[in-house]
Amino acid sequence: QTKFWGEEQILHASNAQSGDFFGWSAAVSGSTILIGAWAENGGEGDPLYSAGAAYIFQPNPDSEEWREVQILRASDAQERDQFGYWVALDGDTLLIDAYPEDGGQGDPILNAGAAYIFQPDESGAAWVESQILRASDPQPWDEFAFSVAIQGDVVACAAFQEDGGPGDPLPDSGAVYIYQAPPAISSDFTFIPIMTKSQDFLVPR
């Protein structure tokens, strides 16, 4: 049966400022909406230019309106990381990219890219960063996690400027990195072999 959607509400960030680009990306799963604002400048006082942020909205239990319940930022936030350029979620697990991130502490690899997993804390009252994902073979300008997706226990992070593997035989040919969290064993996502357009991926069952 065909469905028709009507506008219910307009969402804005609680700390909205000019140029934050709130709403550049958005995703929804169940009763949770995740919205990226990659140009947000690190919170009050704008300490980190374009560090980025993501916003969680859930229904207000006392009304039918959506309300902002939490602002997320990377634990290792730095200027121009653009955390929140793309967002994805499945159930209570949130996936947020920072494709210009520079390879971790000390910025050893320019624009290598990273993705951040957030999951509920033990109380279930807030989301906490549980893991940072990076490519197993990071290189400058691969821009790992330029786009991201999550379904169940599987995460996919694209690196469209990856150069074809060892030796960089194919400039900007691109790659997708697959991570999997073993059900009922661990909530951490583990890298499994790289995926290119010529390979099929089957999720182990």
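Where is the place of Arg80? Arg80 sits in the loop between β4 (66-72) and β5 (87-90). Strands here are DSSP runs of E with at least two residues, numbered from the N terminus.

## About the model

This is a predicted model, in which local features need pLDDT of at least 70, side-chain atom pairs count only at pLDDT 80 or more, and totals for chains, interfaces and linings use all residues. Residues are numbered from 1 along each chain as its sequence is written, and side-chain values use heavy atoms, with hydrogens and water left out.

## Positive phi values

Arg80 has a phi near 65°, a positive value in a residue other than glycine. Phe21 also has a positive phi, near 60°, and is not glycine. Phe21 lies in the segment before β1 (25-29).

## A nonpolar surface patch

Phe21 counts as partly exposed because its relative accessibility is 42%. Buried means under 20% relative accessible area, exposed over 50%, and partly exposed in between (1.4 Å probe, protein chains only).

Phe21, Trp24 and Trp86 form a nonpolar patch on the surface. Together they have about 300 Å² of accessible area, by the Shrake-Rupley method with a 1.4 Å probe, where only the protein chains shown count as cover for residues. Nonpolar side chains (Val, Leu, Ile, Met, Phe, Trp, Tyr) are joined within 5 Å, like charges within 9 Å.

## A buried asparagine

Asn111 is in the loop between β6 (93-98) and β7 (114-120). Asn111 counts as buried because its relative accessibility is 11%. Leaving aside residues up to four places away in sequence, Asn111 touches Tyr99, Pro100, Glu101, Asp102, Gln139, Trp141, Asp142 and Glu143. Contact means heavy atoms within 4.5 Å.

Definitions and conventions
Helices (H or I, at least four residues) and strands (E, at least two) are DSSP runs, numbered from the N terminus. Patches are made of residues with over 30% relative accessible area and no salt bridge: like charges are joined within 9 Å, nonpolar side chains (Val, Leu, Ile, Met, Phe, Trp, Tyr) within 5 Å. A salt bridge is a side-chain nitrogen of Lys or Arg within 4 Å of a carboxyl oxygen of Asp or Glu.
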